[in-house]
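Please look through the sequence and the model below before reading on, and keep both in view. The paragraphs that follow go from single residues to the whole chain.

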Amino acid sequence: MFKRYLKSILKYILELLIVAFGVFLGFYLSEKSNQEKVDANTRNALEQIIAEMKANARILESAIAYHEQLALELDSALQGLGEQDFRLPYYGNPKINHNKLPSWNGVGTVRLSETIYESAKISGVFQELNISTIQLISSIYEFHDVYTEFTKSTVDQLLALDSESKTGDVLELLGRLCKYDIVSIERGLLGDIQKQVVELEGRLKNNSYAK
């Protein structure tokens, strides 16, 4: 009687263990599958961010080349100006007109893409990255804001030119565009993007980007 009772207890315990193990195994496999999906999505998002940064680098290279060419043409045009010419109204000045520069095709500032970056933030991908990787990425896109601010300020001033604007003031704005502030920011941003792309690709290869 006791043996039969003990056997029943052991049978129930064994069945309970089997059920518990099955539940645990199912939970483990489900969590593993979910984590694998998260890892794959994180890796894919990082690859897309790198691709977006490379595309922005190519856009900046074109903008820099354009502004450097304008700088050469502007310097050439300035050689024919005397000191008194800088005090004359710009519009109507027969010696200088930026629209007549051989390569002139507008201000040439560019809009850099942030679509993938913003999507990654919204989708929670950054929660899967370690702090240093987030900082690497964010620093580049924050630099976009600096570039946008400078370009907007300069373009707004160019658009505000009128018949009273002096030649010297206009040439200063054009210099900011293609010789000083803006093109310098473009070069700095391009260099940072190229550097960070190399670093991010290294982390992607070594799987050292995750928490």
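Tyr-90 counts as buried in this predicted model, with a relative accessibility of 2%, where buried means under 20% relative accessible area, exposed means over 50%, and partly exposed covers what lies in between (1.4 Å probe, protein chains only). Tyr-91 is partly exposed, at 41%. A search of the whole structure finds three aromatic pairs, and Tyr-90 and Tyr-91 form an edge-to-face one, with 5.5 Å from centre to centre and 75° between the planes. For such pairs, the rings of Phe, Tyr and Trp (its six-membered ring) must have centres within 6.5 Å, and planes under 30 degrees apart count as stacked, those over 60 as edge-to-face and the rest as tilted.

Tyr-117 and Tyr-141 form a stacked pair, 4.1 Å from centre to centre with 5° between the planes. This pair links distant parts of the chain, since Tyr-117 belongs to helix 2 and Tyr-141 to helix 3 (residues 131-159), 24 residues apart. Both Tyr-117 and Tyr-141 are buried, and ring pairs link Tyr-117, Phe-126 and Tyr-141 into a cluster. The helices named here are DSSP runs of H or I with at least four residues, while strands are runs of E with at least two, and both are numbered from the N terminus.

Residues are numbered from 1 along each chain as its sequence is written, and side-chain values use heavy atoms, with hydrogens and water left out. Local features need a pLDDT of at least 70 and side-chain atom pairs count only at pLDDT 80 or more, whereas totals for chains, interfaces and linings use all residues.

Which residues does Leu-174 touch, not counting residues up to four places away in sequence? They are Leu-74, Tyr-90, His-98, Trp-104, Leu-158 and Lys-179, where a contact means heavy atoms within 4.5 Å. Leu-174 is found in helix 4 and counts as buried, at 3% relative accessibility. Leu-174 and Leu-74 are 100 residues apart in sequence, and their C-alpha atoms are 8.4 Å apart in space.

Helix 4 as a whole is mostly covered, with nine of its 12 residues buried; among them are Val-170, Leu-171, Leu-173, Leu-174 and Cys-178. At 1.5 Å a residue, the 12 residues of helix 4 should span 16 Å, and the distance between its end C-alpha atoms, 16 Å, agrees with this; the expected span is 1.5 Å times one less than the number of residues.

Side chains of opposite charge can pair when their charged atoms come close. A salt bridge is counted where a side-chain nitrogen of Lys or Arg lies within 4 Å of a carboxyl oxygen of Asp or Glu, and by this rule the count comes to 10. In one of these, the side chains of Asp-75 and Lys-179 meet at 2.7 Å, N to O. That pair links distant parts of the chain, with Asp-75 in helix 1 and Lys-179 in the loop between helix 4 (167-178) and helix 5, 104 residues apart. Asp-75 is partly exposed, with a relative accessible area of 31%, and Lys-179 is partly exposed at 25%.

Another salt bridge joins the side chains of Asp-85 and Lys-95 at 3.2 Å, N to O. Both of these residues lie in the loop between helix 1 and helix 2 (115-123), 10 residues apart. Asp-85 is buried, with a relative accessible area of 4%, whereas Lys-95 is partly exposed at 43%. The side chains of Asp-181 and Arg-176 also meet in a salt bridge, at 3.3 Å, N to O; Asp-181 is partly exposed at 30%, while Arg-176 counts as buried at 17%.

Finally, consider the whole chain. The secondary structure of the protein comes to five helices and zero strands, and buried residues make up 33% of its 211 residues. Among contacts between residues at least 6 apart in sequence, 85% join residues at least 24 apart. The protein averages a pLDDT of 88, and 84% of the residues score at least 70; pLDDT is the predictor's confidence in each residue, from 0 to 100. Confidence is lowest in helix 1 (residues 2-78), at a mean of 80, and highest in helix 5 (residues 181-206), at 96. Where pLDDT is low, the predicted coordinates should not be read in detail.
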